[in-house]
Amino acid sequence: APLVQIAELILDANSRIDDVDDDDDHDHDEDVEENAIKKRTTIHVLFINRKKEDILFKEQLDRWAEEYPNDFFVTYSLTGRGDTHSDSTYLHGRGSAQMAKDALPSPINIHATDNHENHISTTNSMIFVCGTDGFVKSWGGPIRRAPPKADGSKGPKIQGPLEGW
């Protein structure tokens, strides 16, 4: 699964940052720790499934959330009906703009300046969406096909214009 492969690479890279910082002969001052934090990549996963049993790699995701509490965050939402709605560890519903805002990092930062004006800057956030074509369309916009391949077969599916929430 691409999500797991990407997360594994990022968490491994973060661990190597820790190893380099631990090997440094100089004292850890605030600048060194601040630079390490800036180099780190955090992962926020919003995983939406019908039932708990449908959540792929749940044990791995939960383990990462426990092992990397500053780097890996996972939020689950269930869409199925039944007794799962009594479990407060899961959100419920197919997803919404509010759910995404609550579970995922914002693509912008808003900082108040000394003169009480807001300064807006972008972040380095990337949001990946995977699922059925209908799910992807509702979150990010329609799926399109790239031009046909040289052998005449269909081109790969690609993201169309961003039109989702």
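# A predicted chain with a parallel sheet

Strands β2 (residues 72–78) and β3 run parallel and are joined by two bridges. The structure is a predicted model, in which local features need pLDDT of at least 70 and side-chain atom pairs count only at pLDDT 80 or more, while totals for chains, interfaces and linings use all residues. Residues are numbered from 1 along each chain as its sequence is written, and side-chain values use heavy atoms, with hydrogens and water left out.

## The chain as a whole

The chain holds five helices and seven strands. Both kinds of element are DSSP runs numbered from the N terminus: helices are H or I with at least four residues, strands E with at least two. Read from the N terminus, their order is α-α-β-α-β-β-α-β-β-α-β-β. Of the 165 residues, 25% count as buried, a term for under 20% relative accessible area, with over 50% called exposed and the range in between partly exposed (1.4 Å probe, protein chains only).

An open sheet is formed by three strands in the order β1-β2-β3, with parallel pairing. At its edges are β1 (43–49) and β3 (91–92), each of which pairs on one side only. Two strands count as paired if DSSP finds at least two bridges between them. The pairs are set out below.

| Strand pair | Bridges | Direction | Residues opposite each other |
|---|---|---|---|
| β2 and β3 | two bridges | parallel | Leu 78 and His 92 |

Strand β1 is mostly covered, with six of its seven residues buried. From β1 the chain passes through α3 to β2 in a right-handed β-α-β crossover. Right-handed here means that, with the strands pointing away from the viewer, the path from the first strand over the helix to the second runs clockwise. Helix α3 (residues 58–67) lies across β1 and β2 and runs at about 140° to β2. Such angles, from 0 to 180 degrees, are taken between N-to-C directions of lines fitted to C-alpha atoms, for helices over the stretch in contact.

Helix α1 (residues 2–23) includes Asn 14. Asn 14 counts as buried because its relative accessibility is 2%. Apart from neighbours within four places in sequence, Asn 14 is in contact (heavy atoms within 4.5 Å) with Arg 40, Thr 41 and Asp 71.
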